[in-house]
Amino acid sequence: GQPAKMSFITGKDRMEMEHTVKMAIFGAPGLGKTRLLKTLDCPTLCLDLEAGMLSVKDWGGDSFTVTTWQQAKDLACVLGGPNPALKSGFSYSASDYSRAIKEFTALYGDVSLDRYKCIFIDSITVASQKCFEWAQSQPESRTSNGHTNVLGTYGLVGREMSAWLTQLQHIKNKDIIFVGLLDYKIVDE
């Protein structure tokens, strides 16, 4: 196929474009990060990875409960569209997008995600945990003699999380808000 063209955007065109926000909000447990959903005044879709919507049970918005790393990847693919820079067979490529759309449509029918102006991801911390759990079951997490390969696991988690975040970051015409847990431990020595 033809290589993708770079986009040339004049300063005037860029100033007239709709701009969106990509942000991360981190804080300790119980501070009210999830309750920020109630402050958003645009159509918002929450990707609930924590199964923790109790604090916003009276919020009238829509959400997906995401229980696996594959579901998180598929939603990012469906929301962001295909990445033209990726070859067929890679996550977020045109072939992966076609598969994800087919599965999404089979599960949810004609649910349109275009109407949402904001995607609220709660939380990036749990997403990384789901990614780690998935990575532990992959061949990179084992040595040739079957032992655990911790470096392989963490390398895979790093690549997967980076690709997932990049896919979500490049979603056009939508604000993206990541929520994460900021925690600290005091270790007595």
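Tyr108 is partly exposed, with a relative accessible area of 39%; the term partly exposed covers values between buried, under 20%, and exposed, over 50%, for a 1.4 Å probe with protein chains only. The model is predicted, so local features need pLDDT of at least 70 and side-chain atom pairs count only at pLDDT 80 or more, whereas totals for chains, interfaces and linings use all residues. Residues are numbered from 1 along each chain as its sequence is written, and side-chain values use heavy atoms, with hydrogens and water left out.

**Overall architecture**

- The chain contains 5 helices and 5 strands, where helices (H or I, at least four residues) and strands (E, at least two) are DSSP runs numbered from the N terminus.
- Read from the N terminus, the order of elements is α-β-β-β-α-α-β-α-α-β.
- Along the principal axes, the C-alpha atoms fill a box of roughly 55 × 50 × 40 Å.
- Buried residues account for 33% of the 189 residues of the chain.

**Nonpolar surface patch**

**Salt bridges**

- Side chains of opposite charge can pair when their charged atoms come close.
- The whole structure holds 7 salt bridges, each defined as a side-chain nitrogen of Lys or Arg within 4 Å of a carboxyl oxygen of Asp or Glu.
- One of them joins the side chains of Asp62 and Arg115, at 2.8 Å from N to O.
- Asp62 lies in strand S3 (residues 62-65) and Arg115 in the loop between H3 and strand S4 (118-122), so this pair ties together parts that are 53 residues apart in sequence.
- Asp62 is partly exposed at 28% relative accessibility, and Arg115 is likewise partly exposed at 49%.

- Asp74, Asp96, Arg99 and Glu103 are linked in a network of salt bridges.
- Asp96 is buried, with a relative accessible area of 13%, whereas Arg99 is partly exposed at 27% and Glu103 is partly exposed at 39%.

**Largest pocket**

- The largest pocket has a volume of about 570 Å³.
- On a 1 Å grid over the protein atoms alone, a pocket is an open set of points with protein on both sides within 12 Å along at least five of seven lines, in contrast to a cavity, where a 1.4 Å probe fits but cannot get out; lining residues have an atom within 4 Å of a point.
- Grid points are joined across faces, edges and corners, and the volume is the space filled by probe spheres set on the points.
- Of the 19 lining residues, those closest to the centre of the pocket are Gly80, Gln169, His170, Ile171 and Lys172.
- Helix H2 (69-80) and helix H5 (150-169) each supply at least two residues of the lining, and the largest share, 3 residues, comes from H5.
- By class, the lining has 6 nonpolar, 10 polar and 3 charged residues; Ala, Val, Leu, Ile, Met, Phe, Trp, Tyr, Cys and Pro count as nonpolar, Asp, Glu, Lys and Arg as charged, and the others, Gly among them, as polar.

**Two buried positions**

- Ser93 is placed in the loop between H2 and H3 and is buried, with a relative accessible area of 0%.
- Ser93 and Lys12 are 81 residues apart in sequence, and their C-alpha atoms are 31 Å apart in space.
- Phe178 is found in strand S5, residues 175-181, and is buried, with a relative accessible area of 9%.
- The C-alpha atoms of Phe178 and Asp41 are separated by 17 Å, and these residues are 137 residues apart along the chain.
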